[in-house]
Amino acid sequence: MARPTTNGLAQALQALQIRSTLPARPVIRSLAQQRRTYAIEVEAAAQQSSTPTPSELPPTELAPAAPKIEFGNFLSRPARIVPASPSYFSGSPRFIDHVLELENLQAKYASLPTVAASEAPRMAWFKLAQFRDYVGEPVPMKKYKILVKILQRLNRIQPDMVPEEVKTTLKSFLRPGNPFAVEHISRTVDENGRARAKGKRKESTAVVQLVEGEGEVIVNGKSLVEVFQRVHDRESALWALRCTQRLDKYNAWVTVRGGGITGQAEAITLAIGRALMMHEPGLKPVLRKAGVISVDARRVERKKPGHVKARKMPTWVKR
Amino acid sequence: MIVRNLFMRQSRQLIALNRQAPVFTRSLSTEVASDTITQTPSVGSAEIAQSPVEQGIQTTSTVPEPRPLKQWDALEKRRHKFNTLGSKVQESYDPENVLRNPPKPADVTLEMLLAAGTHMGHSTSRWNPQNSRYIFGIREGIHIISLDVTAAYLRRAAKVVEEVAARGGIILFAGTRKGQKRSVVRAAELAKGYHIFERWIPGSLTNGQQILGHCKTKVVNALDQELSKFRVDLADRPSIKPDLVVVLNPLENVVLLHECGLNNVPTIGIIDTDADPTRVTYPIPANDDTLRGTNLIAGILGRAGEAGQARRLKMAQEGKTTYEPITARQLRLDPLTGTPPPGSELEKSERD
Amino acid sequence: MGKINLTALRVRKTALNQFASGKINKLPQWVDVVGQIPPSEALIRTPSPQHQLVRQRMKTVAGSSKPQVVFEVQEKPRKSKKPSRLFQPVELKYEEDELRHTFFRDHPWELARPRVLLESTGKDHEHYDWSRITQPGKRLDGESVVQRQLWLLNNVPDMTKSNAYDIARREFYRLRLQEDIQRRVAAEEAEATGAQFGPSYLEVGMELENQQYEKWKAWAKTQAQLFDQRTAALSGAPEVALEQQSQEEAFAEPPEAVTV
């Protein structure tokens, strides 16, 4: 255990002289350099390099003869390398600094009145991947959620009372572009009376052009019967027209690609349903009930290694 | 319960208790009795905590609801006006106070430590016998830590923090328990140190290049101003290691203390009766489970660091440093080989 | 030293050794500091502080006219001679402990009253004067009685424990009664001026109980209906019908009356 000594370096010197088998001379010299208290007097000390170091001078001599410091030189001289942020050792200093800054803001403006979450202006914060790029650190989802929570609380401050400081800070967490400014364009029937709509099911994609007519349906240049041999498929392809009793009122010109028979038939269902809604928006509740405008987003689950199919395990064999 | 509240107000207890009586909204409400039209807040209106006084005014008047901004201003004005009224609260306990204005190491008293609950250890069955010299006695099945020892060790630790700060050392405050965040950040802010309040990433010292390599560093002069011209030389430097680590919960930070041991970094830690005092260089025997206690200790150490930093900057104003500053030449040298990088001006000048 | 890890305590020595051997080319800044303020000797065991139970009493001693303050020290408890017990901390005991135990044994409901445990400065005791039982800034509670009794024992000549207990308790009961009356009067005054206190605890409890009864009634009704339906479905079979009939004759009460 270290005993109290006035100068640890003296002890080090002693230890060195007693124990060290190394050539001691260079080390002793370096220790002697260390013995100075490093009190640097700029310029003056440099000029009088032959004079003893300031620490060896008696203090009475040092005090009155305080030399002029040339600050320009002293200030441009490096002294230490230090971390740029006080949260350096956390491994994600930029993120932690952001969180602390936001928490400070929240505490500072806690007394301001707030509006309900639904009344607050809609803000598109960074998505996690964007935020990771922004701070340049691997931030886990859980921690980012905490940050977003603070952002949302700040955003709930009464809109006409938001301080400028809060405004600028919140702005820096918005993702580029304003996704909430994009206006939804409602599709309508074009000047030739065609309604064009797309539908997808499994791997198939169908594009339908629906015009008022006598009930003719052409799929990929062929008649419906040629394409779908099963009655069930034909029924399901035209289910939107059938359940609204519009089979003889519209002509459909369909292009369908990919997938199998069932997928193609049901992709056409969706497309025709959507196209029909353009002609007659009032049919929406009927079509919704008939289930022709609900998208079936299911896709084939991928096969996994170690499984026979997506989830099936190989049968267990003894030995 | 409500009845009791009112009784509390009326009883002589409150005359003896020199604190302001809270206004009991529910017991004083006149909602049922009054026939006046009550105003229901509109959907878009701000949620402002209204005092019962204001409610009373609003129920009788039929003026339209003012804008939230005006309402809030009025509320603030009224609060400001009423603040001076009533009895004066003396010696009230404010939990924020120890964060806002922590005491200096010289102001530490045993009463202060006692009020913060630093004397309470763990159950006698959980003790570490190495702590026996810090323990005053047994009471109700728990060990009581001797407060004079706590105070002495706390002052010693504060002195260490101050001296290291005065020599420009890097001080890391670590408190990873729930609720220690603010005190740790505040202590680091005072001592111009560094803080960690979430999990210590194992290997931050022993494998620093991997874990802290991307974190930015800077070159500063003796007055702590950044010198941007040396920014280029900071690439490929090994990560920075602290010169002193203060741990508020050493039991949970075994890894940090182990890494400090491997890297030969002195440590200060709050040692409860169930902790191992040899894990840290400077133990502070105290209760590490009370937030008020750890906040106090962190605040005191932060203040000590503040004094040390002030001393260092004062010396720097006079053009002196208490430590050996890094030279521009050392900065320019390759950190791995210790030689000037090939093709640089430094190499050319040395060759000449 | 076996299991004990002394790395943390030997940082300075290690740094000096590393520097001497050339492992590090610069001594850390804290080496001087740790040298000047060395870590404490943590591994030396010291005998733990011993605590004695001291009693202060005023007694009239034969020979002097005035009562004198006498300190009675309880005999030391027999310490274990075992080496393993030598350094173990000792139990802290005070005279109040006994008084406190007696009071709260006699008045267990005093423990159910709310109590402020927080101390602001730790110097609250400086403002207390136990020559009277009420203190500024302190609510009257069991602790007041204990402290008052202790003061009486310490400062009144020839005071016995039971006597002091009686005196302190009498003062306590008087003040409690006074508080009760104040409370009641305040409540009456408030009610007279239009305050509404809402339902009492008893009323709230009764209301909750009633709700449970209502729930049970609804449940029992559906159960009874189900039972009826089941028996009706089976009534096609002659034996069951006969049985049911005989049952109905036996229990003249209608099933609804049973459920309600």
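**Close-up views of a predicted three-chain model**

**Figure 1. Overall make-up of chain A.** Chain A contains 14 helices and six strands, where helices (H or I, at least four residues) and strands (E, at least two) are DSSP runs numbered from the N terminus. This is a predicted model, in which local features need pLDDT of at least 70 and side-chain atom pairs count only at pLDDT 80 or more, whereas totals for chains, interfaces and linings use all residues. Residues are numbered from 1 along each chain as its sequence is written, and chains are lettered from A and ligands numbered from 1 in the order in which they are written. The model has an ipTM of 0.78 and a pTM of 0.71. Of the 319 residues of chain A, 22% are buried; a residue is buried if 20 or more other C-beta atoms lie within 10 Å of its own, exposed if 12 or fewer, and partly exposed in between, with C-beta atoms placed from the backbone. Domain 1 (19-75), domain 2 (90-178) and domain 3 (195-290) are assigned in chain A, with bounds that come from an automatic or database domain assignment. The centres of domain 2 and domain 3 of chain A, taken over C-alpha atoms, are 47 Å apart.

**Figure 2. The open sheet of chain A.** Five strands of chain A form an open sheet with mixed pairing, in the order β2-β3-β6-β4-β5; two strands pair if DSSP finds at least two bridges between them. Strands β2 (195-201) and β5 (222-223) of chain A stand at the edges with a single partner strand each, so one side of each has no neighbour in the sheet. Within the sheet, β4 (residues 217-219) and β6 (residues 250-257) of chain A pair in the parallel sense through three bridges. A:Val219 is placed opposite A:Val254 in β6(A).

**Figure 3. Surroundings of A:Gln209.** Strand β3 (residues 204-212) of chain A includes A:Gln209. A:Gln209 counts as partly exposed because 18 other C-beta atoms lie within 10 Å. Leaving out residues up to four places away in sequence, A:Gln209 touches A:Arg194, A:Arg196 and A:Trp253; a contact requires the C-beta atoms of two residues, placed from the backbone, to lie within 7 Å. A:Thr315 is 106 residues from A:Gln209 along the chain, and their C-alpha atoms are separated by 50 Å.

**Figure 4. The contact between chain A and chain B.** Chain B contributes 43 residues to this contact and chain A contributes 34 residues. On the side of chain B that touches chain A, at least two residues each come from α4 (68-83), α8 (181-191), β5 (194-196), α9 (208-212), β6 (217-220) and α12 (328-332) of chain B. The most is given by β6(B), with four residues. This side of chain B comprises 27 nonpolar, 10 polar and six charged residues; Ala, Val, Leu, Ile, Met, Phe, Trp, Tyr, Cys and Pro count as nonpolar, Asp, Glu, Lys and Arg as charged, and the others, Gly among them, as polar. Strand β1 (residues 80-83) of chain A runs antiparallel to β6(B), and four bridges join them. A:Pro83 has B:Thr217 as its bridge partner in β6(B).

**Figure 5. Nonpolar cores.** The largest nonpolar core holds 75 residues, and those with the most contacts inside it are B:Ala157, B:Val161, B:Ile171, B:Leu172, B:Ala174, B:Val246 and B:Leu301. Such a core is a set of buried Ala, Val, Leu, Ile, Met, Phe, Trp, Tyr and Cys residues joined through C-beta atoms within 7 Å. Helix α7 (residues 147-166) of chain B gives the most to this core, with 10 residues. Apart from this core lies another, of 29 residues, including A:Val227, A:Ala240, A:Ile268 and A:Val292.

Figure 6. Chain C has eight helices and two strands, arranged along the sequence as α-α-β-β-α-α-α-α-α-α. Buried residues account for 15% of its 260 residues. In the contact, 55 residues of chain B meet 49 residues of chain C. The side of chain B that touches chain C has 26 nonpolar, 18 polar and 11 charged residues. Chain C has a mean pLDDT of 87, with 88% of its residues at 70 or more; pLDDT is the predictor's confidence in each residue, from 0 to 100. Within chain C, confidence is highest in helix α5 (residues 161-192), at a mean of 96, and lowest in helix α8 (residues 255-259), at 48.
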